[in-house]
Amino acid sequence: MAIYRLLSLIALVFVAGGALPRNVRAQAPVADVVTQAFFDGIINQAAADCAGKNFYTRQAFLDAVSSYSDFGQFGTADDSKREIAAFFAHVTHETGHFCYIEEINKATYCDASFTNYPCNPSKQYYGRGPLQLTWNYNYGAAGNSIGFDGLNSPESVASDPVLAFKTALWFWITNVRPVISQGFGATIRAINGAVECDGKQPALVQARINYYTDYCTQLGVDPGTNLSC
């Protein structure tokens, strides 16, 4: 019995000292997963005249990630790869393979009920950046978190690629990360569920799923279950 207890203590010390359970693999750095080849495989599908081709870069993404160290460091190594695949699936869908910096059908997107984020009447809060940040309350909250004047200078998101990626990561960590363990379908619902889910836009939902499963294949990870919404 004494020997058993001693061995148990040694095992605990071994795990506490940095060893991982056999069914858990340490996450790789995001830069090792999002290689230049992976990033180029997305953006190279955009037309040559796309504004985003000269705006979005892998380095800008990695610079933004340095402010969000939790991104791509979720659960097991496979969980992390699934999160990265999900993020880029939505980015691909929202920007047309990094073609668009700004929303095509621009509108004001001011919800006056959010009185803590008052709209500037001379500004519009349409989609900008990798996840097309939209609405005054998102610009205001993102600005407070990141450190820019989202309400009075929303256009900054479309002129600074690092800031653009930061807004996407802010939205992801704030609104999408909490449901990611429920499957890719939950991430669709978190991003655009009111417009696409529950049979509203099945083709758009499937397009997101197709990007996700493709990127999971590229990253060598099973996409998991509950892919649709």
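Mentor: Over residues 163-173 the chain is 100% helix and 0% strand, with its end C-alpha atoms 15 Å apart; helices (H or I, at least four residues) and strands (E, at least two) are DSSP runs, numbered from the N terminus. This is a predicted model, in which local features need pLDDT of at least 70 and side-chain atom pairs count only at pLDDT 80 or more, while totals for chains, interfaces and linings use all residues. Residues are numbered from 1 along each chain as its sequence is written, and side-chain values use heavy atoms, with hydrogens and water left out.

Trainee: What should the 16 residues of helix 7 span, and how far apart are its end C-alpha atoms?

Mentor: The expected span is 1.5 Å times one less than the number of residues, so helix 7 (residues 161-176) should span 22 Å, and the 21 Å between its end C-alpha atoms agrees.

Trainee: Why is glutamate 103 said to have no salt bridge?

Mentor: A salt bridge needs a side-chain nitrogen of Lys or Arg within 4 Å of a carboxyl oxygen of Asp or Glu, whereas the nearest side chain of opposite charge to buried glutamate 103, lysine 106, is 7.8 Å away. Lys counts as positive and Glu as negative.

Trainee: What makes the pair of glutamate 103 and tyrosine 109 a polar contact?

Mentor: A polar contact is a pair of N or O atoms within 3.5 Å, one able to donate a hydrogen and the other to accept it, and these two side chains are joined at 2.8 Å.

Methods: Buried < 20%, exposed > 50% of the residue type's maximum accessible area, 1.4 Å probe, protein only.
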